[in-house]
Amino acid sequence: MTTHKPFDLPSLKKEFHEKLQRANSSEELEEIRVCYFGKKGMIQDLMGALRSAPKDQIPLLGKEINIFKEQLIKELEQKINSVQEKDLSAALEKEKFDVTLPSRLRTQAHPHPVLETIEKMTDILRSLGLKEVHSNEIEEEMVNFDLLNFPQDHPAKDMQDTFYLNEKMLLRTHTTTFQVPMMRRYEPPMALFCAGRVFRNEEVTSRSHQQFSQIDAFHLGKGVNLSDLLSLLKLFYKKLFGDSVLLRFRKSYFPFTEPSVEIDISCIRCAQAGCPICKHTGWLEVAGAGMIHPNVIKAGGHDPAVFTGWAFGMGVDRTLMLLHNIPDIRMLWESDARFLNQF
Ligand SMILES: [Zn+2]
């Protein structure tokens with residue numbers, strides 16, 4: 001075995017150049033790198049062969065191999081750079097920005113339909129002279145029930161009906177909770193409303209949910225009477241549903257009003273011809289109202305012999321469902337973009 005054969009660097013270099021010239025992609029260049037400079041590559045073979053070379057030739061051969069290796073690495077790097085540059089300009093060429101292309105439409109966000117309905121309803125109340133105030137979603141049981149004249153054993157106070165946070169605090173079950181704190185804060189006359197979410201521990205179905213929104217309002221002052229309220233509600237519903245809407249009042253019961261009335265409007269879907277939404281009665285129940293109970297006025301720190309007041313409460317979700325013919329209340333809280341984008 002001659003010493004020059006395994007170390008025939010000119011031939012190896014020629015072969016390397018040929019391979020390098022043929023390679024046109026990063027993958028092919030990577031193959032060459034592994035083949036020559038990898039752990040089992042050609043340079044390692046040369047270094048291995050060096051150990052069996054005649055001792056006097058080792059230093060010189062070692063030096064030559066190192067120079068040879070440096071040269072090859074340099075040439076490989078140059079080729080890698082030129083291929084990468086070529087790839088980059090090809091990619092840029094491919095992705096060239098075409099100013100003549102129409103722009104992609106972006107989805108514009110908008111308020112949730114419940115919020116839009118609250119805005120619509122409260123805008124009308126503002127236009128009728130009422131002032132907006134805010135109230136807590138987490139409330140004392142006392143404010144939610146007792147101060148509103150609920151009897152001690154009222155079923156609505158049951159743990160099964162309401163979400164209690166501890167023995168005293170709960171998630172408000174109605175926005176009526178704002179009445180007594182506001183009466184304590186302000187002197188009559190006052191005409192205020194409050195809108196927001198309320199919570200009930202109910203089974204979730206197409207018609208009932210554990211959270212929904214309400215708007216409550218009251219007017220406390222001297223000589224305030226029920227006919228004021230009825231005129232105001234007529235105006236309110238005509239502004240909301242149109243001039244042709246009719247109202248009727250039915251006697252009802254709420255702990256915090258006396259007398260109490262239930263308010264129905266003529267069905268806005270069938271104009272009283274009868275349809276599934278009004279259960280073929282021609283009427284839709286939309287709000288509860290009445291004169292504020294003397295005990296509530298007392299709890300608010302005022303004399304019911306001097307001041308009287310009306311109050312009403314209405315559901316937002318039901319109004320929204322009526323306005324847009326939405327069959328299932330759950331759709332309002334599922335955050336399905338296909339549903340929400342229709343508003
Ligand atoms: Zn109807």
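A residue is taken as buried if 20 or more other C-beta atoms, placed from the backbone, lie within 10 Å of its own, as exposed if 12 or fewer do, and as partly exposed in between. By this criterion, buried residues make up 26% of the 343 residues in the protein. The structure is a predicted model, in which local features need pLDDT of at least 70 and side-chain atom pairs count only at pLDDT 80 or more, whereas totals for chains, interfaces and linings use all residues. Residues are numbered from 1 along each chain as its sequence is written.

The radius of gyration, taken over C-alpha atoms, is 41 Å, while a compact globule of 343 residues would have a value near 20 Å under the globule rule of 2.2 Å times the number of residues to the power 0.38. Along the principal axes, the C-alpha atoms fill a box of roughly 125 × 50 × 35 Å. With contact defined as C-beta atoms, placed from the backbone, lying within 7 Å, 67% of the contacts between residues at least 6 apart in sequence join residues at least 24 apart.

The protein contains 11 helices and 9 strands, these being DSSP runs (H or I over at least four residues for helices, E over at least two for strands) numbered from the N terminus. An open sheet of 7 strands has the order β1-β4-β5-β9-β8-β7-β6 with mixed pairing, two strands being paired if DSSP finds at least two bridges between them. Its edge strands are β1 (131-132) and β6 (247-254), each of which pairs on one side only.

Within this sheet, strand β5 (residues 211-221) is largely enclosed by the rest of the structure, because 8 of its 11 residues are buried. Strand β4 (residues 190-199) pairs with β5 in the antiparallel sense over 10 bridges, and Gly 196 has Gln 214 of β5 as its bridge partner. Strand β9 (residues 308-315) also runs antiparallel to β5, to which it is joined by 8 bridges; here Asp 216 stands opposite Gly 313, and Phe 218 is bridged to Ala 311.

Helix α5 (residues 113-127) lies across β1, β4 and β5, running at about 10° to β5, where axes are lines fitted to C-alpha atoms, for helices over the stretch in contact, and angles run from 0 to 180 degrees between N-to-C directions. Helix α8 (residues 226-241) lies across β6, β7 (257-266), β8 (283-292) and β9, at about 30° to β9.

Helix α10 (residues 316-324) is mostly covered, with 7 of its 9 residues buried, among them Arg 318 and Met 321. The elements covering these buried residues include α5, β5, β8 and β9. The axes of α5 and α10 are 9 Å apart and meet at an angle of about 100°, which makes the two helices roughly perpendicular, a term applied to angles of 65 to 115 degrees. In this packing, Pro 113, Val 114, Thr 117, Ile 118 and Met 121 of α5 meet Val 316, Asp 317, Thr 319, Leu 320 and Leu 323 of α10. By class, the contact has 7 nonpolar, 2 polar and 1 charged residues, with Ala, Val, Leu, Ile, Met, Phe, Trp, Tyr, Cys and Pro counted as nonpolar, Asp, Glu, Lys and Arg as charged, and the others, Gly among them, as polar. Helix α10 is followed by Asn 325, whose phi is positive, near 55°.

Note on methods: Two residues are in contact if their C-beta atoms, placed from the backbone, lie within 7 Å. Angles under 35 degrees count as roughly parallel, over 145 as roughly antiparallel, 65 to 115 as roughly perpendicular and the rest as oblique.
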